[in-house]
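Visitor: I would like to learn how to read a model of this kind, one feature at a time. Could you show me the general idea and then the case at hand?

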Amino acid sequence: MGRRRFHLSLEAIRIWQTRLGVICGLVVFVLAVQPVGAAPATPAPKAAPVELRIGFLEALDKLNPFQGLNDPSFEFYGLVYDYLYSFDQDGNFVPSIAVNAVPDATSQNWTYWIRQNVNWSDGTPLTASDVAFTINYNAQNFNLLWNYEPYANRIVSCGVPPTQHSYVDPPPGARCQAQVTSPGNVTVYFDRPFVPGKALFFPIIPRSQWFGIALDNAQYRYDNCPTSSPPGLIGSGPFVADSNICTQWSQHQPIAVHKNPKYHPVGSHTGPSNIDTIYMIQFLDESQMVYALETGAIDMGKFSSAGYESLAGASGIARQEGLISTQYWNEIGISQYDTTFLNPARYDENVRRAMAMATNKDYILKTIYGGHGVRGDSLMTPITPQWWYDPPSDPGANLTFDVSAANALLDRAGYDSWWTDRSGARYRQANRTISFTDTNGKPRTIAQGTQLIFSMDVRKEFLQEQAVGNYLVTAWAQIGIKLVPTTKLENSLSKDVYGGKVDTYIWYWSGDPDPNYLLSIESSFTLDGWNDNFWDNASYTALYVKQLSDTNFTQRQKDVRAAEKLNYESAVYIIYLFPYGEWAWRTDRFTGWGDWNAHPYRQMDAFWGANPLFFDLTVMGGPVNNPPTKPILAGTPPITAFVNQSVTFIGNSTDPDPGETLTWAWHWGEGNQTIHSTTSAAQGDTASYKWAGSGYYNVTLTVSDGALSATSDPFEVHVVPVVGGLGWVNGTVKDSTTQLAISGAGVRTSPGSYAALTDSTGAYSILLPAGTYAVTASASLHESKTTTGVTVSANAMTAVNFLLIPARGWIAGTVRSAAGNTPIAGAAIYIYASGGQQYAVSANSQGSYNKSLTPGTYSVNASATGYLSSNKTGIVVVDGQTKTVDFSLNPLAQPPAGLSPLVIAGTALGIVAVLVAVAVFLRMRRRKKEEEEGKIEVPSR
């Protein structure tokens, strides 16, 4: 899901009252959140809510996820809605609402295993029916609802008439669109093999709310407000919209979302966010957002290059800039719209290639954008190097800046006659009739005397794009091409571009990390309103379709880059810039920001649901209540069990806080659960269950201390009926050094994945069909061992015993205060393995700790109330050795006193002064996307 261009009818400029309302709302908010006068008494730690305030220059333009455009809108959708899959900080898919996604043997149809025990924010359960409804709602009629079409246009249609405005369910059992194929599964039917099955970035919406909303109402009119009918803003995301969200939005107040305390696991995050409330605040003037960050009125913000530069060296503020995770790029588009109204020379690839070679992208980057970006080239950006096509590495396709070569190309192409305009400037024209087949496969004729003069639309809202347009007037004049740019509001530009009324334009695209989205916009499948330059190249579309079905990664990479190369060589897009995102935040309130260039999907722009950033941010000083670690279930999934056979599970989790009551909730994958309670001294729990029917079930364990919780990864169990004679494999698992029994070891067979866990005596018993197996035993802190050629006979027992070799090292150390070097008793130590496992211990009265671990690489975090937490990474544990990791924690500084009344008054006066400046200069620093009444004819981009 990327931002897209909407062909909307918009206001020319937001009225003065709106500007005043937003800014006054900001003043009220600053007054509300800033203490006045002397520093207040420090509140009790448990009473203080954790609030994160984020500043934006753009508005949250729509609460309805089918209508929004701006970054804050998609940030909002990612906070309050879930998606099938999300991303970890490195762009790897992690389960969200779908805990698994499996294609069939043809890779054409995908089945999604829907997470169980998830509730909507209104308390009702989220079901597979909601997921199927979401997909069908998006795939049913692109003429009326098209906002997520690039994800849905390869889904097989059920043949709903284009005149059908209201939603209808597909026929039960039909192999089209999406069907609930079991209580917890949804199967989606595609018209061809479809490799990016996990990259369906629809916000999952509740059927109960949206079923009765006509498709075109969802696209154009339904506001998704709680006061609408039916009530809106029901989501299942990590945050819940404030009950006054519509008032906040309509009156341009800060937007508030609150922590979902029962949020399900996503990736390595197994509990709810540490943040109680996020406020999203729009600033009309960037200098005021800079001031708000400097004074602590906001905690972070996304800035322009000017605002970013102004914060250089600011005390207590960190900055980062880098390529944007949403693949954002700026391009010069050259229309291939089939009309006689525009200059036909735009069809000539030689003319377009000359334009590209006359465009000095390095100059644009350095001079106009101040170096804040990377020179642009192809449809995918270097943020995904596995998909990016790099023209300089392919000399045959390199259209780099070369004015002489551009002039020579136009001479050879037949544009070597000249004409003079009224100013006396000389430009090229065709010296003969030029005939060719264009890259859309259509025959074209350029009449003798056709002048190379082209119109260009440039967005009024973006000053740097206007500067690029002005630069191109001079640059292209050097090759005899006259360019006539016109500055327009984006809605007018959109009408011109999609209506085929302008030769060239400057605009942008962005998308998700999978190449399907951004490649689709140049394919023939999106000529219904997404493909803005109307390029319809058969070879490109064939490559686009082929890469969708390439199950081999190397082959898909090759086809993706080949498609990008075709597009680059055609020069229908001259992508001149991959701009940087520029962010800044305060360093005295939260830890856990991370490195957004090393891990770009921590950026606040990564809005595909459950951004890792909003789970990892922690208020300095350490949480008063530490969460339990993510539970680890003993054994190796998947396992096979028989109908009505009891299966025992052991789960381990640690809460470093002494004396708390833990609740262990076992979810069995069919609606039933088993709940046990212990004190936090217990570090594990055991439960058994048997299934009455065959099928695939996901077992999860959630551990809660009453305020914070953590949930295990799903443990898959395949339950099958008993067929034929059964026998047993019995035995014991012991430590080879001590000869002591190993409790909780997993024993598993291959084939079949029949399994059992050892009891307190180290004994196990596996019931399984007669046959020959390999039997493997594995246990924490030991090397696994396999015995092959184990023959099992019906109604007989075969003994297989194991002696496992210990494999363990230790991480140990002390935690002390940097002020006085005194030990910190009770400090919480969390240890994270590279495979996602978590372990926790607490420091004793001398500040010491020690933890036994399997050899490997770990990171260690120490935190304590009243201190800044500290994290150490790359800790290598070697078998039989102790790795010392000591911590010296810095005491938390006293919070600054609140803004004085004089400062607040000065702020308000400054804002009023800015208002006057805005009124005079009409500096539009954000896109304004208010929809007017009337029919909108083309879909969004």
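Guide: We shall take confidence, disulfides, a loop residue and helix packing in turn.

Visitor: What is the average pLDDT of the protein, and what share of the residues score at least 70?

Guide: This is a predicted model, and pLDDT is the predictor's confidence in each residue. The protein averages a pLDDT of 87, with 89% of the residues scoring at least 70. Residues 1-47 have a pLDDT below 50, although this stretch has 141 contacts in the model beyond near neighbours in sequence. Residues 894-941 are also below 50, and that stretch has 118 contacts beyond near neighbours in sequence.

Visitor: How many disulfides does the model have?

Guide: The rule is that two cysteine sulfur atoms must lie within 2.5 Å, and by it the count comes to two disulfides. When the bonded cysteines are numbered in sequence order, the pairing reads 1-2, 3-4.

Visitor: Where in the chain do C158 and C176 lie, and how far apart are their sulfur atoms?

Guide: The sulfur atoms of C158 and C176 are 2.0 Å apart, and the link is right-handed, with 100° about the S-S bond. Both C158 and C176 belong to the loop between helix 4 (149-152) and strand 6 (178-182), and they are 18 residues apart. As for burial, the cut-off is under 20% relative accessible area; C158, at 22%, therefore counts as partly exposed, whereas C176, at 7%, counts as buried.

Visitor: Which hand does the disulfide of C225 and C246 have, and why?

Guide: The torsion about the S-S bond of C225 and C246 is about -120°, so this disulfide is left-handed. Its sulfur atoms are 2.1 Å apart. The pair links distant parts of the chain, with C225 in the loop between helix 6 (215-220) and strand 8 (239-241) and C246 in helix 7 (residues 245-250), 21 residues apart. C225 is buried, with a relative accessible area of 4%, and C246 counts as buried at 12%.

Visitor: Is T381 buried or exposed, and which residues is it in contact with, leaving aside its neighbours within four places in sequence?

Guide: T381 has a relative accessible area of 2% and is therefore buried; its place is in the loop between strand 14 (373-375) and helix 12. Leaving aside neighbours within four places in sequence, T381 is in contact with Q327, Y328, W329, W388 and F578. Of these, W329 is 52 residues from T381 along the chain, yet their C-alpha atoms are separated by 7.7 Å.

Visitor: At what angle do helix 10 and helix 12 cross, and which residues make the contact?

Guide: The axes of helix 10 (residues 349-357) and helix 12 (residues 403-413) come within 8 Å and cross at roughly 165°. Angles over 145 degrees count as roughly antiparallel, so that is how helix 10 runs relative to helix 12. Their crossing is left-handed. Helix 10 contributes N350, V351, R353, A354 and M357 to the contact, and helix 12 contributes V403, A405, A406, L409, L410 and A413.

Visitor: How do helix 16 and helix 17 pack?

Guide: Helix 16 (residues 538-548) and helix 17 (residues 553-570) pack at about 160°, with their axes 9 Å apart, and they are therefore roughly antiparallel to each other. Helix 16 passes helix 17 in a left-handed crossing. Among the residues that meet are S539, Y540 and L543 in helix 16, and Q555, R556, D559 and V560 in helix 17.

How values were computed:
Residues numbered from 1 in each chain as written. Predicted model: local features only at pLDDT ≥ 70, side-chain atom pairs only at ≥ 80, totals over all residues. Heavy atoms only, no water. Helix = DSSP H or I, 4+ residues; strand = E, 2+ residues; numbered from the N terminus. Buried < 20%, exposed > 50% of the residue type's maximum accessible area, 1.4 Å probe, protein only. pLDDT = per-residue confidence, 0-100. Contact = heavy atoms within 4.5 Å. Axes fitted to C-alpha atoms, helices over the stretch in contact; angles between N-to-C directions. Parallel < 35°, antiparallel > 145°, perpendicular 65-115°, else oblique. Left-handed = near helix turned anticlockwise from the far one by under 90°.
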